[in-house]
Amino acid sequence: MKDAKILLVDDEVVFANNMSKLLNRRGYQVTAVNSGDAALRALMENSFDVMVLDLKMPGMDGIATLHEMKKLGLFTEVLVLTGHGSIDTALEAIQLGAYDYLTKPCEIGELVSKIEAAFERKN
């Protein structure tokens, strides 16, 4: 699993930075962005094995980001991060093609386990 490329999308900058550091220490190559627009730009410029996508973001939220990915023909395995009790929205994301979801805050071990499963599915 070393060198798997992860795109982390979360508008909470401190959370994104902390998760990036934790994932980097586990051997992942992590690119962190703070909006749906930035995620789409990153996906158009680089290939990623797994995207960890927050649902609740200002501007383009996670659901809108998934819709745009489909329109643009951008494919990567997506893990959805959801807080605020938005399990219904997480299930909507799965219907749009997301692999799975986690509730925030999540344990790093659980996130790594889901990333590995998504990476295996991709390959």
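# Report on the predicted structure

Helices H2 and H3 make a right-handed crossing; a crossing is called right-handed if the near helix is turned clockwise from the far one by less than a right angle, and left-handed if anticlockwise. This is a predicted model, in which local features need pLDDT of at least 70 and side-chain atom pairs count only at pLDDT 80 or more, while totals for chains, interfaces and linings use all residues. Residues are numbered from 1 along each chain as its sequence is written, and side-chain values use heavy atoms, without hydrogens and water.

## Helix packing

Helices (H or I, at least four residues) and strands (E, at least two) are DSSP runs numbered from the N terminus. H2 covers residues 36-45 and H3 residues 62-72; their axes lie 10 Å apart, at an angle of about 30°. Such axes are lines fitted to C-alpha atoms, for helices over the stretch in contact, and the angles run from 0 to 180 degrees between N-to-C directions. H2 and H3 are therefore roughly parallel, given that angles under 35 degrees count as roughly parallel, over 145 as roughly antiparallel, 65 to 115 as roughly perpendicular and the rest as oblique.

A second pair consists of H1 (residues 13-25) and H5, whose axes come within 11 Å and cross at roughly 65°. These two helices are therefore roughly perpendicular to each other. H1 also passes H5 in a right-handed crossing.

## Salt bridges

The whole structure contains seven salt bridges, each defined as a side-chain nitrogen of Lys or Arg within 4 Å of a carboxyl oxygen of Asp or Glu. One of them joins Asp54 and Lys104, at 3.6 Å from N to O. These partners are 50 residues apart: Asp54 belongs to strand S3 (residues 50-54), and Lys104 to the loop between strand S5 (100-103) and helix H5 (108-122). Both Asp54 and Lys104 are buried.

Glu77 and Arg121 form another salt bridge, with their closest N and O atoms 3.6 Å apart. This pair connects strand S4 (residues 77-82), where Glu77 lies, to helix H5, which holds Arg121, across 44 residues of chain.

In a further salt bridge, the closest N and O atoms of Lys114 and Asp100 are 2.7 Å apart.

In general, most peptide bonds are trans. Pro105 is placed in the loop between S5 and H5.

## Exposure and surface

Buried means under 20% relative accessible area, exposed over 50%, and partly exposed in between (1.4 Å probe, protein chains only). The table gives values for selected residues.

| Residue | Relative accessible area | Class |
|---|---|---|
| Glu77 | 12% | buried |
| Gln29 | 38% | partly exposed |
| Leu91 | 40% | partly exposed |
| Arg121 | 49% | partly exposed |

Leu91 is located in helix H4 (residues 87-95). Together with Ile87 and Ile94, Leu91 forms a nonpolar surface patch of about 200 Å² accessible area. Patches are made of residues with over 30% relative accessible area and no salt bridge, with like charges joined within 9 Å and nonpolar side chains (Val, Leu, Ile, Met, Phe, Trp, Tyr) within 5 Å. The areas come from the Shrake-Rupley method with a 1.4 Å probe, and for residues only the protein chains shown count as cover.

Gln29 is part of strand S2 (residues 29-33). Its C-alpha atom is 25 Å from that of Gly83, which is 54 residues away along the chain.
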